[in-house]
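Here is a short note to read beside the structure. Please keep the sequence open as you go through the points.

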Amino acid sequence: MICPGYACECNPLSAHSGPPACAKTGNAGLPVRALRTGKIQLVGGICLNKKLNEKISESLSCVLPVTCIVLLLCITITPMPLDPLMLFLAGAAFLIVGMGFFTLGADMAMMPIGERVGAKLTSSGRLPLIALACFIIGAVITMAEPDLKVLANQTPAVPDAVLMVSVAVGVGIFLALAFLRSLFGWSLSRILLVCYGVLFLLTAFVPGDFLAVAFDSGGVTTGPITVPFIMALGVGLTSVGRTREGGSSSFGLVALCSVGPILSVMLLGMAYSSSSGSYTPFTIPEIANSQDLWLAFQRQFPEYALEVFSALFPILLFFLIFQVFFLRLRRRQVVKILVGMLYSFIGLTLFLTGVNVGFMPAGNYLGMQLASLPYRWIMVPVGMVIGYYIVKAEPAVQVLNKQVEEITGGTIPAKTMMLGLSVGMAISLGLSIFRVLTGLPLLYLLAPGYALALGLSFVVPPIFTSIAFDSGGVASGPMTATFLLPLAMGTCSGVGGNVVVDAFGVVAMVAMTPLITIQLLGVYYKYKSRGAGEDERPAEDPVVLNDDDIITF
């Protein structure tokens with residue numbers, strides 16, 4: 001049999017060597033694994049994991065609204081040729097399956113690795129060693145982040161290797177700083193106030209063409225590989241910390257890691273003092289039949305598979321080193337993590353292929369068509385609706401929302417987090433489109449926005465500040481870089497603006513607005529607690545995958 005070991009329904013712990021009928025129920029014995037977890041069933045000789053079906057269903061509910069909005073626009077005010085439309089629909093299918101595999105893989109591998117490595121580092125008690133390990137982990141993982149390559153290609157004034165190393169060093173330094181903050185209980189609000197104060201002071205010395213790309217880099221480099229691992233690492237690192245901020249100590253690492261890339265690109269802009277990048281119009285491949293459609297994705301699939309492999313390999317290497325010398329987990333736990341890494345590889349490869357090949361041309365074309373309408377103002381409400389729904393398709397958002405709900409014991413539900421992020425994304429994209437249409441300088445929006453966010457950090461509970469600044473980096477992921485940014489580029493081209501100066505900055509806006517909306521939730525929570533007493537909801541039991549939750553064929 002493919003799933004060895006049977007048990008009767010009345011006593012799942014008593015295994016049989018075969019499938020005899022149960023003495024009490026008369027039913028045939030079922031696989032021990034299926035009865036113990038309640039998640040795996042035997043269908044046609046194949047063990048299927050219901051958790052994967054649930055994840056794909058969740059991703060379908062996230063991607064479907066955006067797909068319907070684009071289709072509605074295509075049949076009403078912005079007719080789209082069949083070539084980009086077919087690419088978009090096929091890309092949506094890639095997204096749905098890929099996002100399901102990736103979120104399951106993150107649950108099974110990325111999160112457990114980060115938590116165990118973090119806890120082991122902290123338990124060593126050697127502060128210099130821990131800080132050095134955090135620096136190395138942050139730098140290596142950032143170098144492997146696929147979105148960083150996109151940023152490097154957009155800044156031809158700086159050699160790609162120089163920019164990538166500089167950004168990686170920045171992330172590594174600030175990850176070590178984030179750990180020290182969690183360990184010693186330093187105020188995140190004060191650290192962020194100093195960091196962003198320095199950044200905005202530097203804007204006076206940085207060439208204008210570098211500003212948008214610099215602020216965009218803070219969101220781009222905290223992508224689907226970096227965020228789940230760093231968030232889990234924070235949980236493990238702070239498990240024995242001395243902070244007084246409670247659950248908030250588990251968050252804040254992504255917030256500080258987002259500062260490093262901004263600072264690095266600003267310093268490079270001062271050093272090179274040249275244009276930050278150039279804009280190359282999108283080319284849409286001709287699709288004559290279904291074979292051409294498949295070939296469009298097949299050509300790019302190996303490239304993104306190699307990128308994802310290079311991104312996941314450092315994490316796998318870290319785990320194997322810690323497993324051999326420190327962790328020494330059971331064989332079944334190791335197998336589960338390895339299978340989870342495989343799921344993450346499959347899922348992220350499909351996801352990146354779908355968004356880059358299918359969503360990017362569609363976003364650019366929609367932007368150009370909407371900007372060419374006589375009533376181009378309609379782009380602002382349309383962008384807000386797209387932004388409201390598209391954040392749900394960011395893979396790292398699902399990881400953040402689940403971890404927030406688990407660590408806070410259900411006090412901050414995942415639905416509430418998603419609502420705050422969706423509202424923030426809608427506002428950010430509406431303001432970004434307005435800025436592209438009017439040519440409003442980026443700093444006119446970023447400066448008051450960050451001032452409000454930093455001001456709120458001193459009046460809301462610390463955990464809301466930590467979660468809010470983490471959510472800014474999480475929300476600005478691959479969907480923003482491959483659909484919303486091309487949408488802004490197409491809009492800018494349609495109105496005859498400067499793409500490098502006006503279109504770039506969308507990621508920065510997406511990373512800023514959740515800082516405000518999530519902290520406003522904190523204001524509401526604080527007001528509600530004062531009026532009705534402290535919320536004492538019992539912690540909800542987190543959904544934890546057992547060691548046996550592996551798809552076995």
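**Notes on charged pairs and the core**

1. In this predicted model, Lys402 and Asp107 form a salt bridge through their side chains, with 3.2 Å from N to O. The two residues are 295 apart in the chain, Lys402 being in helix α15 (residues 395-407) and Asp107 in helix α3. Lys402 is partly exposed, at 23% relative accessible area, while Asp107 is buried, at 14%.

2. Asp107 also forms a salt bridge with Lys55, where the closest N and O atoms are 2.8 Å apart. Lys55 belongs to helix α2 and Asp107 to helix α3, so this pair ties together parts 52 residues apart in sequence. Both Lys55 and Asp107 are buried. A network of salt bridges links Lys55, Asp107 and Lys402.

3. How many salt bridges does the structure hold? There are 3. One of them joins Glu54 to Lys51, with the closest N and O atoms 3.5 Å apart. Both residues lie in helix α2 (residues 50-74), about one turn of the helix from each other. Glu54 is partly exposed at 39% relative accessibility, but Lys51 is buried at 9%.

4. The largest nonpolar core contains 155 residues, and Met266, Ile386, Phe483 and Leu484 have the most contacts inside it. Helix α3 (residues 82-124) gives the most to this core, 14 residues. Another core, of 9 residues, lies apart from it and includes Leu87 and Leu350. Among the residues that Met266 touches are Leu199, Val206 and Phe215.

5. Arg328 sits in the loop between α12 (290-327) and α13 (331-371). Its phi is near 55°, a positive value in a residue other than glycine. Arg328 is exposed, at 63% relative accessibility.

Key
Residues are numbered from 1 along each chain as its sequence is written. This is a predicted model: local features need pLDDT of at least 70, side-chain atom pairs count only at pLDDT 80 or more; totals for chains, interfaces and linings use all residues. Side-chain values use heavy atoms; hydrogens and water are left out. A nonpolar core is a set of buried Ala, Val, Leu, Ile, Met, Phe, Trp, Tyr and Cys residues joined through side-chain atoms within 4.5 Å. Buried means under 20% relative accessible area, exposed over 50%, partly exposed in between (1.4 Å probe, protein chains only). Helices (H or I, at least four residues) and strands (E, at least two) are DSSP runs, numbered from the N terminus. Contact means heavy atoms within 4.5 Å. A salt bridge is a side-chain nitrogen of Lys or Arg within 4 Å of a carboxyl oxygen of Asp or Glu. Lists of a residue's contacts leave out its neighbours within four places in sequence.
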